[in-house]
Amino acid sequence: MVGVPHPVGAVRHSGNRDAPSRSCTLRSHRPTERGSAVASVTPLGEFLRSRRRAARPPAPVSTGTRRRVPGLRREEVASRAGVSVDYYVRLEQGRETNPSTKVIAGLSAALGLGEDETAHLRVLARPEAAPGSRRHPASASGLKTLVEHQLTDPAILLDASGTVRAGNMGARLLYGEDVVGRNIVAEVFLSDEGRSFYPDWGSAARCSVGVLRASAAIYPENREVREVVAELKSRSLEFRDIWQRYPIMRKGSGRKLMHHQELGHLDLAYEALESPVVPGLQAVVYRPWEGGERGDTPCEGSALTSNHHYFGGSRSLPTS
């Protein structure tokens, strides 16, 4: 989960000149790799290629030859995964799109994928089984009521594109009265305040792209997700650069460091609760970070000493 920058100069999904334009279109323009006759045109092939290039190559042998490609060669991945080189090439080139469960497990091990990356690989290989492919009742009233009226800690309701759909009093104290309707991913890249809101902006930016990358794979038909991606590609060189590096992160729980103009330094734990009826909708709840909790997500920062401010429940809002 990515935090929301200071409300000044907020970027909204709609009704704002900085909102993602509905006229923006995505372009698929990827360079071919040497030795490849066809550029990857499938999400599965793109992901495999990105992870192969990022994988650690085997220890060098004193043969006098230099590796011409970063990461692993195709034949090295194929050997590790237990598949033929021809089959793996077809996967990368989009000519094979239905790997078995055994092959998926082999590819995950061969490329050294983490838990989130392996889950992403399964989604790309089995899109029909992803949550976004199943129909659900289009009602979010239950989760919206929970966020707005039942949770005492600061909480926001996020859709798959990163747009805030609801927030309670604690969220408004933290993010401003206009928090509803703002797109938190766009704000990281398009809002000047986003730079100062995060002590480690680079980490927050990578996390934002990782979450959006995962959403784009799970919900490929979601128009709002496509529009946010297209707009950010057209307006932010930094977003395009990180997008091409293909970070992947699933919302869950973790630690977030923020610098608020009024509250000062904040060290928070967050947890995302998924909607059982609306794909991609999540309630994200914040509370003070307690030492010793799990905080090894890509969104975690480490350069800030926390005041452990608390702004929910019956306790008063602190001032710096």
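Which residues in H1 meet which residues in H5?

Modeller: Before the contact itself, please keep in mind that this is a predicted model, in which local features need pLDDT of at least 70 and side-chain atom pairs count only at pLDDT 80 or more, while totals for chains, interfaces and linings use all residues. Residues are numbered from 1 along each chain as its sequence is written, and side-chain values use heavy atoms, with hydrogens and water left out.

On the H1 side, the residues in contact (heavy atoms within 4.5 Å) are Pro 43, Leu 44, Phe 47, Leu 48 and Arg 51, and they meet Glu 117, His 120, Leu 121 and Leu 124 on the H5 side. Sorted by class, this contact has 6 nonpolar, 1 polar and 2 charged residues, where Ala, Val, Leu, Ile, Met, Phe, Trp, Tyr, Cys and Pro count as nonpolar, Asp, Glu, Lys and Arg as charged, and the others, Gly among them, as polar. Helices here are DSSP runs of H or I with at least four residues, and strands are E runs of at least two, both numbered from the N terminus.

As for geometry, the axes of H1 (residues 43–54) and H5 (residues 115–125) come within 9 Å and cross at roughly 150°, which makes the two helices roughly antiparallel. Axes are lines fitted to C-alpha atoms, for helices over the stretch in contact, and angles run from 0 to 180 degrees between N-to-C directions; under 35 degrees counts as roughly parallel, over 145 as roughly antiparallel, 65 to 115 as roughly perpendicular and the rest as oblique. The crossing of H1 past H5 is left-handed, a word used if the near helix is turned anticlockwise from the far one by less than a right angle, with right-handed used if clockwise.

Helix H4 (residues 101–111) also belongs in this picture, for its buried residues pack against both H1 and H5, as well as against H2 (74–81) and H3 (85–93). Those buried residues are Val 103, Ile 104, Gly 106, Leu 107, Ser 108, Ala 110 and Leu 111, buried meaning under 20% relative accessible area, exposed over 50% and partly exposed in between, with a 1.4 Å probe and protein chains only. Just after H4, Gly 112 takes a positive phi of about 65°.

Stepping back to the whole chain, its secondary structure comes to 12 helices and 5 strands, and buried residues make up 52% of the 320 residues. The 5 strands form an open sheet in the order E2-E1-E5-E4-E3 with antiparallel pairing, two strands being paired if DSSP finds at least two bridges between them. E2 and E3 (253–260) are the edge strands, each pairing on one side only, and the twist averages 30° from one strand to the next. Helix H6 (residues 141–150) lies across E1, E2, E4 and E5 and runs at about 50° to E2.

Within that sheet, E1 (residues 155–158) is joined by 4 bridges to E5 (residues 282–288) and by 3 bridges to E2 (residues 164–167). In E5, Val 284 is the bridge partner of Ile 156, whereas in E2 the partner of Leu 157 is Ala 166 and Leu 158 stands opposite Val 164. Ala 155 and Leu 157 point one way from E1, Ile 156 and Leu 158 point the other way, and all are buried. In a regular strand the side chains alternate between the two faces of the sheet. The hairpin of E1 and E2 has 5 residues between the strands, and in it Gly 162 takes a positive phi near 90°.

Val 185 lies in H8 (residues 184–190) and is buried, with a relative accessible area of 5%. Leu 232 in turn is one of the H11 residues that meet H12, and the axes of H11 (residues 223–235) and H12 (residues 237–245) come within 6 Å and cross at roughly 115°. The crossing of H11 and H12 is left-handed, and their contact has 5 nonpolar, 1 polar and 3 charged residues.
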